Amino acid sequence: MIQQLTESRPADRSPGATRVRPRHRTMPAPAGGRPQRAEWADAAKGFCIILVVLWHVVVKDYLQIDWHVGVPVPGLWGTLGEQFLPLRMPLFFTISGVFAANAAQRPWRVVARSRIAGFLYLYAIWLLIHTVVLAAAPELPTDRANSALGLLEQLTVTPSNLWYLYALALYFTIAKATRRVPRALVLVPAAALSAVAAAGLLDTPGNRAGLYQNLLFFLAGLYLRPQIQRWAGTASRRRLVLTSGAYVLALAAMAVTGAQQWFGVWTAVSVLAVIFGITAAARVARWSALSKPLARLGRITLPIYVIHMPVLALLHRLLLVPVSGLGRSAQDLIVLGYPILLTGLVIGLSLAVHRGLLAVRAGWLFALPGTRRTAAAG
């Protein structure tokens, strides 16, 4: 069973890679076993998938409710969610790149089937499912195909809410095609593309902006895996304070100056966010009470990612009118915690649906038939 969106085995160490001994690096397995995953990376993925669901809950459900409360809590939730935008997907793609390093070194025929075709298959099949389910919840403000032509566009040039799967197929193709090109000659154009897209200098309908902006972070994770592992393995409390402070200051400066669309600013802030995210994940990995649940979640991101939007759409249809119709005193009781509760409910129901689908032998919804089902997608 595919349980995540990224490679389940760490990349093979390149001959020239520096050997380091951080506390939370990927550790060798006992004799005859497989290597263990770095818990900090899985914890980072778990946190990112929570942020993905939370953001969709806030913008697609919570802010659509008619709140008549005396405090601006809904606006505060929207503002808080925006502060994680430079972190959420860039960090997710960076970790995906780190885990994908081994798969990218395999022969073209293997990569083409298990990764490129595998992701395109998942994207296509879940796009069809999303299209059908979202048609039953027209009130949900999200991208959807309303015609055969619209569906064809989402399948080809303008990816849907499932664009992460589409992006991974494309990124693997680019990474494999440029494997013999000097890394700087790949990373610099990827950084330029990210900056151009973030500055609004390209036409980016649908989710094309995310597609253009995050290639840099996937390739950085792929190419800089040893450095990222070393950074995570040596993360200190002082470094956490410095990186979090730099991220907060960058967000504040960007907001005060209105520099979100200045060329290169969003990309630079996202780089700071990823550095902070890796540092924070490495520190959290020292607290097993928090890191273990996040890491477990990080190993099952695929079902959450593909199922949560249909679940949210149906819950939105059920909850929008009743919650909007509550009296002020009742809304006062739920307005602060509603996004947290609904996020937990959506994730829990998504995993329940996943277990149910596996129970009825619908595992083909989570892996290209014929591929290794123990290998993770990514």
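I call a residue buried when its relative accessible area is under 20%. The model I am reading is predicted.

**Entry: Phe 93 and Trp 163**

I checked Phe 93 and Trp 163 against that cut-off, and both are buried. I then looked at how many aromatic pairs the structure holds, and the count is 15. Trp 67 and Tyr 338 make one of them, edge-to-face, with 5.7 Å centre to centre and 80° between the planes. This pair links distant parts of the chain. Trp 67 lies in the loop between α1 (39-60) and α2 (73-83), while Tyr 338 belongs to helix α16 (residues 338-359), 271 residues apart. I find Trp 67 buried, and Tyr 338 too.

Back to Phe 93 and Trp 163: their rings form a tilted pair, 5.6 Å centre to centre with 40° between the planes. Helix α3 (residues 85-104) carries Phe 93 and helix α6 (residues 163-177) carries Trp 163, 70 residues apart. I followed the ring pairs onward and reached a cluster that includes Phe 92, Phe 119, Tyr 164 and Tyr 305 along with these two.

**Entry: Trp 231**

Which charged end sits over the ring of Trp 231? I found that of Arg 239, 3.9 Å from the ring centre.

Trp 231 also took me to a helix contact. I noted Ile 228, Trp 231 and Ala 232 on the α10 side, meeting Ile 275, Ile 278, Thr 279 and Ala 282 of α12. The axes of α10 (residues 225-233) and α12 (residues 265-284) come within 8 Å and cross at roughly 50°. I therefore logged α10 and α12 as oblique to each other. Their crossing is right-handed.

Notes
Residues numbered from 1 in each chain as written. Predicted model: local features only at pLDDT ≥ 70, side-chain atom pairs only at ≥ 80, totals over all residues. Heavy atoms only, no water. Phe/Tyr/Trp six-rings, centres within 6.5 Å; stacked < 30°, edge-to-face > 60°. Helix = DSSP H or I, 4+ residues; strand = E, 2+ residues; numbered from the N terminus. Buried < 20%, exposed > 50% of the residue type's maximum accessible area, 1.4 Å probe, protein only. Lys NZ or Arg CZ within 6 Å of the ring centre and 35° of its normal. Axes fitted to C-alpha atoms, helices over the stretch in contact; angles between N-to-C directions. Parallel < 35°, antiparallel > 145°, perpendicular 65-115°, else oblique. Left-handed = near helix turned anticlockwise from the far one by under 90°. Contact = heavy atoms within 4.5 Å.
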